[in-house]
Amino acid sequence: MSLTTAELAERYGTPLYVYDLDRVTAARDDLLATLPEGFDLYYALKANPHPEVVRAVREGAEEVCRPEVSSLGELDAALAAGHPAGNCLYTGPGKTDTEIDRAIGLGVREFSAESPSDLRHIGNVASRHGVVARCILRLNIASAGAATGIRMMGRPSQFGIDGDTLAETLPQLLSVPGTTVIGAHFFTMSNAGDEESLLGEYEHVIETAAGLGSDLGLPLELLDIGGGFAAPYAVPGNRTPYPKLRAGLADLLDLHLPQWRAGQPRIACESGRYLAAECGSLVSRVVNVKEGSGGPFVVLDGGINVLGGLSGIGRLLPAAVQLDPGLRPAGRGTLVGPLCTPGDSLGRNVQLPALAPGDLVTIPNVGAYGLTASLVHFLSRPAPAEVTLRGGEVVSATRLEPRRTPVGDGR
Ligand SMILES: *Cc1c(COP(=O)(O)O)cnc(C)c1O
């Protein structure tokens, strides 16, 4: 029998993350249906590396939904969730020799190379293992000029090889021992709420990639055109639908890369938030209500140590979380966490229901960039429990334990 939120909170304590795995699978299937048939999809574990979430992404779609990892911890999570190492794409601007070594030792063969030196590092390690790493070159090109989302490309950054220099550098990049360049990787925008901008960005990426293939001889076996699929964060709502994307992308590919339907190149997209956001909610308990002249301060047992720690850099948390609808708003107040810093605010002057100590509140749509994007060690509180559900039944209930362990000889 499925448990209510109150029963889950009673059994596992609060703050508590609840992940409904059926919603991960549903989001995955929706996204696959939004993309042209035959597309590969990478799940960026950055959004949520919980092994059951990572497993849910794979279940029933092993061949098309693969892990995109950028640390050994994420790689371990992908393997623990049953993904073959050979399906993993290893990305990131700061891959160390040690992690490349371990990743290759575990069977990873596909890497996104963020710079010429990154490519050489990958090649050196692969050569030591006597294998060849299949690499896509992450390219940084001027963007199409879309209006929404978080811009990831176009300015100088640690991400990607400067597209303008490729004419000079490509011959060297194609002959790095231990590697074979199999294609290109673009990631131009995140959280694109507007379908036209997203399509415009893809048009630019596909046109650019096709041009680099024909003009410079960039190999195109795999073309990862990025993501950008939007989902709400810590407010009620649904994933953004993209009704025109499937046909629009197919048209663009027919025009610029007419062999794509035969798998030349194989086309991939990637997503974190679209796949994971909706599955998660955060259940907290009201610890105290402090009446103030500007409305009450409602103190929860979980704040930026469990959610939205990255709000400090203005990237992830909206100005104010909104609680699950259902409770009638009673007035305005401020939702804060338990930490001893004024930064521990989840929403200033937001609509709140009447709340008293002991009440439970639920923040919806925090399955992506929730726990692992928070300041979980800050003020040394225990991490929240994370419970996963399938068909309403509990699949797992765990806590990520921060613990201090000796390194080297411990001194
Ligand atoms: C962060 C990231 C993603 C996931 O972004 P979402 O907005 O969560 O879909 C995908 N690819 C790369 C390269 C990233 O850095």
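Glu-59 is partly exposed, with a relative accessibility of 33%, where partly exposed denotes the range between buried (under 20% relative accessible area) and exposed (over 50%), with a 1.4 Å probe and protein chains only. The model is a predicted one, in which local features need pLDDT of at least 70 and side-chain atom pairs count only at pLDDT 80 or more, whereas totals for chains, interfaces and linings use all residues. Residues are numbered from 1 along each chain as its sequence is written, and side-chain values use heavy atoms, with hydrogens and water left out.

Glu-59 forms a salt bridge with Arg-390, in which the closest N and O atoms are 2.9 Å apart; a salt bridge is here a side-chain nitrogen of Lys or Arg within 4 Å of a carboxyl oxygen of Asp or Glu. This pair links distant parts of the chain, since Glu-59 lies in the loop between helix H3 (51–58) and strand E3 (65–69) while Arg-390 belongs to strand E18, 331 residues apart; helices (H or I, at least four residues) and strands (E, at least two) are DSSP runs numbered from the N terminus. Arg-390 is likewise partly exposed, at 26% relative accessibility.

In the whole structure, 18 salt bridges are found. One of them joins Asp-29 to Arg-28, with 2.7 Å between the closest N and O atoms; Asp-29 is partly exposed at 38% relative accessibility, whereas Arg-28 is buried at 2%. A further salt bridge connects the side chains of Glu-114 and Arg-138 at 3.3 Å, N to O, and both Glu-114 and Arg-138 are buried. Through shared partners, salt bridges also join Asp-22, Glu-59 and Arg-390 into one network.

Arg-138 is also among the residues around the ligand, together with others including Lys-46, Gly-272 and Tyr-369, a residue being counted there if one of its heavy atoms lies within 4 Å. The shell comprises three nonpolar, three polar and five charged residues, with Ala, Val, Leu, Ile, Met, Phe, Trp, Tyr, Cys and Pro taken as nonpolar, Asp, Glu, Lys and Arg as charged, and the others, Gly among them, as polar. Oxygen atoms of the ligand lie 2.9 Å from a polar side-chain atom of Lys-46, 2.8 Å from a backbone N or O atom of Gly-272, and 2.5 Å from a side-chain N or O atom of Tyr-369. Of the 390 Å² of accessible area that the ligand has on its own, the protein covers 93%, areas being computed by the Shrake-Rupley method with a 1.4 Å probe.

Note on methods
Polar contact = N/O pair within 3.5 Å; in protein donor to acceptor, adjacent residues only side chain to side chain.
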